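Please read the following note with the sequence and the model side by side. The points are numbered so that each can be checked in turn.

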Amino acid sequence: MARVKHAPALRKSAPGTHGRKKRRSRPGTVALREIRKFQKTFKLLIPAAPFIRCVKQITNQLSTQVSRWTPEAVVAIQEAAEDYLVHLFEGGMLCAIHARRVTLMKKDIELARRLGGRGQPW
């Protein structure tokens with residue numbers, strides 16, 4: 001019985017790529033690109049209702065005198081909080097990339113806080 005050689009199976013590429021490999025960016029660069037994108041937008045990222053509840057809860061824990069907030073004050077606090085968090089995550093991601101990692105860890109955030117000069121605990 002004679003053996004018949006089969007032609008190697010052709011790999012199908014993803015639709016629209018026409019046989020080209022999809023370009024992959026280096027680890028962490030997509031995250032930094034997203035951070036820069038969100039820094040350029042003025043839209044708030046945290047939903048307003050949960051943020052207002054959080055502000056009111058913290059206010060009740062710290063002071064019984066202050067019970068009401070103007071909408072402008074809550075928006076100002078939210079903008080400041082989101083700005084701080086975005087910069088903190090950006091610094092943490094840079095620390096993770098410096099350590100040749102893609103995953104953001106607690107120690108990256110802690111190092112970014114110490115190096116950033118914002119929110120020092122001492």
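Predicted model: local features only at pLDDT ≥ 70, side-chain atom pairs only at ≥ 80, totals over all residues.

1. Arg 113 is located in helix 4, where helices are DSSP runs of H or I with at least four residues, strands are runs of E with at least two, and both are numbered from the N terminus. Its relative accessibility is 31%, so Arg 113 counts as partly exposed; buried means under 20% relative accessible area, exposed means over 50%, and partly exposed lies in between, with a 1.4 Å probe and protein chains only. Arg 113 and Leu 88 are 25 residues apart in sequence, yet their C-alpha atoms are 6.8 Å apart in space.

2. Residues are numbered from 1 along each chain as its sequence is written, and side-chain values use heavy atoms, with hydrogens and water left out.

3. How many helices and strands does the chain have? There are 4 helices and 0 strands, and along the sequence the pattern reads α-α-α-α. Of the 122 residues in the chain, 16% are buried. The chain exposes about 11,100 Å², and carbon and sulfur atoms supply 59% of that area, as computed by the Shrake-Rupley method with a 1.4 Å probe; for residues, only the protein chains shown count as cover.

4. Contact here means heavy atoms within 4.5 Å. Among contacts in the chain with a separation of 6 or more, 53% join residues 24 or more positions apart.

5. Helix 3 (residues 71-98) and helix 4 (residues 106-116) have axes that come within 8 Å and cross at roughly 115 degrees. Axes are lines fitted to C-alpha atoms, for helices over the stretch in contact, and angles run from 0 to 180 degrees between N-to-C directions. Helix 3 and helix 4 are therefore roughly perpendicular to each other; under 35 degrees counts as roughly parallel, over 145 as roughly antiparallel, 65 to 115 as roughly perpendicular, and the rest as oblique.

6. By class, 8 are nonpolar, 2 polar and 2 charged. Ala, Val, Leu, Ile, Met, Phe, Trp, Tyr, Cys and Pro count as nonpolar, Asp, Glu, Lys and Arg as charged, and the others, Gly among them, as polar.

7. Apart from neighbours within four places in sequence, Asp 108 is in contact with Gly 92, Cys 95, Ala 96, Arg 101 and Thr 103.

8. Ile 109, also in helix 4, is buried because its relative accessibility is 19%. Leaving out residues up to four places away in sequence, Ile 109 touches Leu 88, Phe 89, Gly 92 and Leu 104. Ile 109 and Phe 89 are 20 residues apart in sequence and 6.9 Å apart in space, from C-alpha to C-alpha.

9. Helix 1 (residues 29-40) packs against helix 3 at about 165 degrees, with the axes 10 Å apart. Helix 1 is therefore roughly antiparallel to helix 3. The crossing of helix 1 and helix 3 is left-handed. Ala 31, Leu 32, Ile 35 and Gln 39 of helix 1 meet residues of helix 3 including Val 86, Phe 89 and Met 93.

10. Arg 100 belongs to the loop between helix 3 and helix 4. Its phi is near 60 degrees, a positive value in a residue other than glycine. Most residues other than glycine have a negative phi. With 78% relative accessibility, Arg 100 counts as exposed.

Note on methods:
Left-handed = near helix turned anticlockwise from the far one by under 90°.
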